[in-house]
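Biologist: I would like to know what stands behind the labels used for this model. Please take them one at a time.

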Amino acid sequence: MDVLKLLYDYFPTAVYTGKCLLFISEDWRVELTELKDANFCTIGSTMPTIRVRLFKKAVDGQFVPGHYEDFQLDSLGELAQQIERYVQFAVGHNTHEGV
């Protein structure tokens with residue numbers, strides 16, 4: 001199951017690159033990736049682990065990696081809501097309005 005494609009429908013301001021779901025603004029870059037490595041995923045879970053990585057733009061214009069969090073919830077709706085909430089609190093913007 002490609003959860004990123006399903007989450008793409010939930011986040012209208014995101015771009016799906018085939019590798020990750022990406023939100024980008026003047027100051028922030030947020031990447032959602034699906035962890036496929038068996039070491040990271042819980043065996044028997046219906047949903048894979050989604051890693052949310054935050055990058056802040058530095059003075060030189062480069063995006064510097066910051067925090068990341070792994071999400072593994074069995075409900076797609078709850079997964080999307082919790083990711084949206086995490087991003088909103090971390091960067092101070094709603095994902096439906098752009099990061």
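The talk below goes from the chain as a whole to its salt bridges and then to one further residue.

Modeller: First the ground rules: this is a predicted model, in which local features need pLDDT of at least 70, side-chain atom pairs count only at pLDDT 80 or more, and totals for chains, interfaces and linings use all residues. Residues are numbered from 1 along each chain as its sequence is written, and side-chain values use heavy atoms, with hydrogens and water left out.

Biologist: What makes up the protein chain in terms of helices and strands?

Modeller: The protein chain has 2 helices and 5 strands, in the order α-β-β-β-β-β-α from the N terminus. Helices (H or I, at least four residues) and strands (E, at least two) are DSSP runs, numbered from the N terminus.

Biologist: Why is Glu-31 called buried?

Modeller: Buried means under 20% relative accessible area, exposed means over 50%, and partly exposed lies in between (1.4 Å probe, protein chains only). Glu-31 has 11% relative accessibility, so Glu-31 counts as buried. Its strand, β3 (residues 28-35), is mostly covered, with 7 of its 8 residues buried. Across the protein chain, buried residues make up 34% of the 99 residues.

Biologist: How do you know that Glu-31 and Arg-29 form a salt bridge?

Modeller: A salt bridge needs a side-chain nitrogen of Lys or Arg within 4 Å of a carboxyl oxygen of Asp or Glu. For Glu-31 and Arg-29 the N to O distance is 2.7 Å, so the pair meets the definition. Arg-29 is partly exposed because its relative accessible area is 23%.

Biologist: What is the N to O distance for Glu-31 and Arg-53?

Modeller: The distance is 3.9 Å, so this pair is a salt bridge under the 4 Å limit as well. Glu-31 in strand β3 and Arg-53 in strand β4 (residues 49-57) are 22 residues apart, and the pair links distant parts of the chain. Arg-53, at 32% relative accessible area, is partly exposed. Arg-29, Glu-31 and Arg-53 are linked in a network of salt bridges.

Biologist: How many salt bridges does the structure hold?

Modeller: The structure holds 3 salt bridges. One of them joins the side chains of Asp-70 and Arg-51 at 2.6 Å, N to O.

Biologist: Are Asp-70 and Arg-51 buried or partly exposed?

Modeller: Asp-70 is at 32% relative accessibility, so Asp-70 counts as partly exposed. Arg-51 is at 15%, so Arg-51 counts as buried.

Biologist: What makes β3 and β4 a pair?

Modeller: Two strands pair if DSSP finds at least two bridges between them. β3 and β4 have 8 bridges, in the antiparallel sense, so they qualify. Arg-29 has Phe-55 in β4 as its bridge partner. Strand β2 (residues 21-24) is joined to β3 by 4 bridges, also antiparallel, and Leu-22 stands opposite Glu-31 there. With 3 residues between them, β2 and β3 form a hairpin.

Biologist: Which residues does Glu-69 contact, leaving aside its neighbours within four places in sequence?

Modeller: Those contacts, meaning heavy atoms within 4.5 Å, are with Ile-50, Arg-51, Val-52 and Tyr-86. The C-alpha atoms of Glu-69 and Arg-51 are separated by 5.7 Å, although the two are 18 residues apart along the chain. Glu-69 sits in strand β5 (residues 63-71) and is partly exposed, with 38% relative accessible area.
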